[in-house]
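Dear colleague,

I am handing over a structure for you to look at, and my notes on what was found in it follow below.

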Amino acid sequence: MASEIKEADHRASTSDSEAGNVDLLETNDIPGNSDNTLLVVSDSYADLNYVDINDSDIKSHRGTINALVKKKAKRGNSVTTADDGIAADANENNGRDDEDVSEHIDNTSGNNVENDSSEVSVDDSQDDCLEQNLADLSLQETEDIPVSHLIRSTSDSDYVNSLEWKQQRKHIFILSDSGKPIYSRHGSEDKLVTIMGVMQALVSFVQDSEKDNLRSIVAGDHKFVFMTRDHLTFVGISRGGESTQQLLLQLTYMYNQVISVLTHTTLTRIFKQHRNYDLRRPLSGAEKFFDNLLNLMDVEPGLLLTSVRCLPLDSSVREVISQTILQHAKVKDLVFALIIAQNQLVALVRMKRYHLHPMDLHLIINLINASESFKTAESWTPICLPKFDAGGFLQAHVSYLDEECQSCLLLLSVDIEAFYILSECKSRIKERLIRYNALEAINASLKKRSYSIQACSITDLRHFLYKARSTAQYTSPEFETPYHTKEEQERLFSLYYYLHDRIHTSGRPLKILFHVGQYETLLGWVTQGFELYAVFGPLVTKMTAIHAVNKLLRWIKREEDRLFILSSATF
Amino acid sequence: MIDLNMKSLEAKVVVLGSQGVGKTSVVIRYVGGMFSKAVSPTIGASFFTYKLTLEQYRVKLQVWDTAGQERFRSMAPMYYRKANAAMLVYDITSLESFYDIKDWVKELKKNVDTPIVLCLLGNKSDLESGRKVSKEDAMEYAASIDALFYETSALKNTGIEDAFLQVSKQLIHLYETVPNSGMGAVVNQHEPDMFSTEHSLKLPYKDEPTQPQAQSSSCQC
């Protein structure tokens, strides 16, 4: 770990972190880290956005269904060579030359009020009145772009022409190459044919000239972000705190969700055959997964951090749970076995050599979170995990372990016929977990909820997000006063978005950022081992904040056994 | 006291039909004895078991309640290929859902070579005022495909019990008359059922999984 300490001491030469103070930061030990990786560790942010699924970094870690199947075939001859070659050739497709050009059409027309350039404290200082003004202004701006007057106002399309629709904080659209609407977060996509046509026109206009890609448009306080993949165009429009990169990450999640339902193979085949295909047909019934995923993004920092939250549990209890799964689900072709409770990971057992990517895990969590149907009976459903293998489906055995439907067990296999075997595994696991009081422990932990910020006993620290990079897991306390209302939570999220963006902006990534806002003071600190985003009261000095985060790191270190899964169980 | 002459039978029943016709409601009414207004769409397929005693048999029905959504259509063969009975559910207030049954029957006839008990269910019979499919038409169609027919209401609990009972009777008949019906005697390790082993006939399973894995991992739509 010596290198990491150096890393932390290595001074970030930014205006935000003065040399003298950085020395005070100590990182003797990085909490929550472990050499025993459970999930694929992607250094999320920068990579994820512009890189396709076939990211070579990930390829070496992730498995593919084909590799598993071929390996099975080989087993007969008892030859086992490296399977990565298969993995590579299974997915050689888009070697797209990404020579995107960022188009910034800054719509600074006369009615643009405030654009506070250098040291920004916009997010936290906007009061309601101003926000209202901006909303009204941006409405006019939208009309500057010849979009809204193209929409015929019939009675059906009232909603999409209403003020309410235009004032939504965030819009997400999915459309096909040929401009066919596929999904809209707000309002029926049917009624948005015209507006989607305009979006498609913008995208293809830029594409036609010089093979460029339209990436983003800034119009007043609205940001339009475009992402084109596999014949689909994803558009995110937000006046929230998200940066272009962060919106791209959200669009990437949406793309992954499409793949998760259809597989990359099917998606490309469909559009190869019929460019004009209405993709809503095969996606029908999956709309709620898109909606739910977007809702999850607003309340779950794990998606921004591409990491997962673990349910706090005594390490001994967690050990019992993963050992139980390990022993009673030792079945051929079972790739992942995991328990999820209220969007938190309880335990994960994986096949040797195969890792679960946090983005894939978020799709699994979303699947569970969005469907009530699993609560009625054991289910068997195909799911594609794009980071694992975008080319095919895994089969998921999904069941709840308790009457209250809190703990959900998922057994993911490549064997389409494995249901009955897995069903027996489930019965055995359930029986043991009840006998060892493990389900009780899970429920007790769920009832207690997470932990209070007061548990860390650091004055003036209001909230924080801590991500252990090597395990791709994060921890954060509950939302307490002043962040107990929905509005305040949204504001807190936009602070985190701001902090996260400032630190990770590709142009000038920072190591440490100290930011004094109107209502709180923020400290962001990123080393090779962790990312920490801390929110303090407004009057905290730089010194105090630095002492506080050091103390916080020591506290997390003490609690790491409970907050993180440090040992990885493999079949 | 366990009847020594009891034989046991395990049969797979698949429930097919369009989206929203009430497949899950019918199954939950039968298996769980309940009705819920807020049944959410099935994802993939749900698995239920139901045990009943009929004639000289302890029958264990393994019921696959499939999803009606288009995107799961390609999964259906996995369930009906091994099924001993198929419940074909339509909604009496939707003509389209009735026509969809014809597609299902065509598909079954084409792909299933083992004998299979068919049962047509016209669900939502409590919504008489919105009826679009007449009982006579449905009955006539059922006769033409050699299927049992019931109009059911999961809400009012009518017809469902009868339908499953008749299907079970036919399953027993099938089991007794057709040697390679694909139905297995119950071989259940969990219940110490020392008496039934004498009778358990090892039937040749026709439906060994034959398709290669790679194929199964891609959707066919």
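Helices (H or I, at least four residues) and strands (E, at least two) are taken as DSSP runs, numbered from the N terminus, and on that basis chain A has 23 helices and 17 strands. Please note that this is a predicted model, in which local features need pLDDT of at least 70, side-chain atom pairs count only at pLDDT 80 or more, and totals for chains, interfaces and linings use all residues. Residues are numbered from 1 along each chain as its sequence is written, while chains are lettered from A and ligands numbered from 1 in the order in which they are written.

- A:Thr481 and A:Pro482 are joined by a cis peptide bond with omega about 0°, and A:Pro482 sits in the loop between strand S13 (473-475) and helix H22 (486-504) of chain A.
- A:Gln342, which is not a glycine, has a positive phi of about 45°; this residue lies in the loop between strand S7 (334-341) and strand S8 (344-350) of chain A and is partly exposed, with 18 other C-beta atoms within 10 Å.
- A:Asp460, also not a glycine, has a positive phi of about 75°; its place is the loop between helix H21 (438-447) and strand S12 (461-468) of chain A, and with 15 C-beta neighbours inside 10 Å it counts as partly exposed.

Best regards

Conventions: A residue is buried if 20 or more other C-beta atoms lie within 10 Å of its own, exposed if 12 or fewer, and partly exposed in between; C-beta atoms are placed from the backbone.
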